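Trainee: I would like to go through this model with you, one question at a time. Please show the sequence and structure before we start.

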Amino acid sequence: MNPYNAPLAEMRFLLEKVFDAPQTWSEMPAMAESVDMDTAAAILDEADKISRELIHPINRSGDEQGVRHEADKVITPDGYKAVYDQYAEGGWVGLCGDPEFGGMGMPKMLGVLVDEMAYSACNAFTLYGSLTAGAALAIHAHGSDEIKEQYLPMMYSGQWAGAMDMTEPQAGSDLRNIRTKAVPNGDGSYKISGSKIFITGGDHDLTENVIHLVLAKLPNTSGISLFLVPKIKVNSDNSLGEANGVTVGSIEHKMGLKGSATCVMNFDDAEGYLIGKPNRGLVCMFTMMNYERLAIGIQGLGTSQAAYQMAADYAKERVQGVAAGGSPTGASSDPILVHGDVRRMLLTIRSLTEAGRALSVYTGQQLDLAKYSQDADLKAKASRYMGLLTPVSKAFLSDRGLDAAIMAQQVFGGHGYIRETGIEQLVRDTRIAQIYEGTNGIQAIDFLGRKVTGDNVATLSEFIAEQQANVNGFTHVSDADKTKVLGLLEQLLTVAKQVNENKLTQPALINACAVDYLDAFGYSLYGCFWLAMCDAAHDHEDDNFKQQKAHLSRFYFDKLITKADYHLSQVSKGDACIMQMDASLF
């Protein structure tokens, strides 16, 4: 398997030149004293080293060995525990956590890049820290002061892990049907009883405790509440007490992510503590869910980057066939990089990956502004944009991540279908990203039904107007490319208004057309980002960097951005041809 090397120059370029992170941080007091570009560059360098030297070497072996369930324990693959200890000791679990509780307090637009490196190095390992960070975020947002003071330092330090317990066999994505119960004990705690399935990191041997955030129903109510349930009870001095009735029923045997423990969890009168208000559990849990949705989008992005590196290296080394028109060196056979179809696949992966990285950093920037900005109007706008972008980041990045893994596998040909090259593992590991944390179809329905038309297109109109102003301000890009992007942005708004006008009389319209609309939005937004990157690269000191950006941008505008036109045309066709066929004919 090829070694992993993070695209550090690209990451620094996005932070400093495209999204002006130093200016963003300087305007937020919470960030101004803790981070600048020198600090960010040092963190990226260290994250690259850890991803390359610690995390990536356990990727293949962890997939081969997998996790195992023995008696009442889940055991991770050899090497995971030692690597996790070093990862936690370096403060990486709490990178973006609140310094008041032991976090490093770094901005999310930097954190997404660190996450990408870790996912590129090993999808399965990275999920453990990601779930902990997400659980800590929900506790920080909705937990009592006592709970925050007791649990967050231990979670940010990596000594305790976090897990999200939502799904049940009969409920799936419809959480109204969950059966897990919470009965008051009379002392402020609750007895939690029930079973959950598909719980990522539900149990493992990496930490001394696992802190579960569990959705359950209080007596005589249909509402859903959120409870903190530790695997092992925690004493007032933070020492660990007795077992808490939290056990593993089994582990799932999955297509991929074999080093990640996906568990059936049983709660038998486990002691739990309410997080947030009664019957408002979904609101609290969605703080974690939205964090994880961005993280899973970045899982797809990390896969894209890893897949590109593996396929590009292979294409330069694998000798087969002769270039059209004859070998440039006169050899009897050439590296497969000379062939047009191989180049098409590599250029597709790379152009989508680099635009996807821009999306992740921009989304992280909106998170930072929504959390830390001192400007009330800017803070509110960033929050609206986050609502708009979260389902797009999750769905579009993970969809393109699987596309990238499959195209990279195709570059390898027959060698991509066997285990030794490692590319097939990427296909297996990233497939789930389109399914968990809310399927991508559900993300699209949320995007079009709630975020775009839910406020009668107000947020989308504001967002598109800002993107149009950005595009019009670029001075070092093609006028034709600007015109194309501006036209697509206008079409996105027009089609959204049409859907909004017909959503009540055509109740199936949004559900039937949402995926196409989200994809059209994604490809159009990538056009905005390619213009931004090319404009910022105009005076870059590295000529090779400038040439790469120019070539990749040209490929994107010549070959890929027209996918937005296709998807918009599908939305405009409506839902009739989808919904009219009788169920008996399927």
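Trainee: Which way do α1 and α17 lie to each other, roughly parallel or roughly perpendicular?

Mentor: This is a predicted model, with numbering from 1 along each chain as its sequence is written, and side-chain values use heavy atoms, without hydrogens and water. Local features need pLDDT of at least 70, side-chain atom pairs count only at pLDDT 80 or more, and totals for chains, interfaces and linings use all residues. Helices (DSSP runs of H or I, at least four residues) and strands (E, at least two) are numbered from the N terminus, and axes are lines fitted to C-alpha atoms, for helices over the stretch in contact, with angles from 0 to 180 degrees between N-to-C directions. α1 and α17 (residues 509-536) pack at about 85 degrees with axes 10 Å apart; angles under 35 degrees count as roughly parallel, over 145 as roughly antiparallel, 65 to 115 as roughly perpendicular and the rest as oblique, so this pair is roughly perpendicular.

Trainee: How many charged residues are in the contact of α1 with α17?

Mentor: With contact taken as heavy atoms within 4.5 Å, E10, F13, L14, K17 and V18 of α1 meet A532, M533 and A536 of α17. Ala, Val, Leu, Ile, Met, Phe, Trp, Tyr, Cys and Pro count as nonpolar, Asp, Glu, Lys and Arg as charged, and the others, Gly among them, as polar. In the contact of α1 with α17 there are six nonpolar residues, no polar ones, and the number of charged residues is two.

Trainee: What is α1 relative to α7, roughly parallel or roughly antiparallel?

Mentor: α1 (residues 8-18) and α7 (residues 108-121) have axes 11 Å apart and pack at an angle of about 165 degrees. That angle makes the two helices roughly antiparallel.

Trainee: Is the crossing of α1 and α4 left-handed or right-handed?

Mentor: α4 covers residues 37-55, and its axis lies 11 Å from that of α1 at an angle of about 155 degrees, so the two are roughly antiparallel. A crossing is left-handed if the near helix is turned anticlockwise from the far one by less than a right angle, and right-handed if clockwise. The crossing of α1 and α4 is right-handed.

Trainee: Which residues of α4 make the contact with α1?

Mentor: From α1 come L8, M11, R12, L15 and E16. The contact of α1 with α4 has seven nonpolar, no polar and four charged residues. The residues on the α4 side are M37, A40, A41, L44, D45 and D48.

Trainee: How many degrees lie between the planes of F19 and Y362?

Mentor: Rings of Phe, Tyr and Trp (its six-membered ring) pair if their centres lie within 6.5 Å; planes under 30 degrees apart count as stacked, over 60 as edge-to-face and the rest as tilted. The whole structure has 19 aromatic pairs. F19 and Y362 form a tilted pair, 5.9 Å centre to centre, and the angle between the planes is 40 degrees.

Trainee: How many residues apart are F19 and Y362?

Mentor: F19 sits in the loop between α1 and α2 (21-26), and Y362 in helix α11 (residues 340-372). Both F19 and Y362 are buried, a term for under 20% relative accessible area, with exposed over 50% and partly exposed in between (1.4 Å probe, protein chains only). The pair links distant parts of the chain, and the separation in residues is 343.

Trainee: Is D20 buried or partly exposed?

Mentor: D20 lies in the loop between α1 and α2, and its phi is near 45 degrees, a positive value in a residue other than glycine. Because its relative accessibility is 37%, D20 counts as partly exposed.

Trainee: Is A71 buried or exposed?

Mentor: A71, in the loop between β1 (68-70) and β2 (73-75), also has a positive phi, about 55 degrees, although it is not a glycine. With a relative accessible area of 75%, A71 is exposed.
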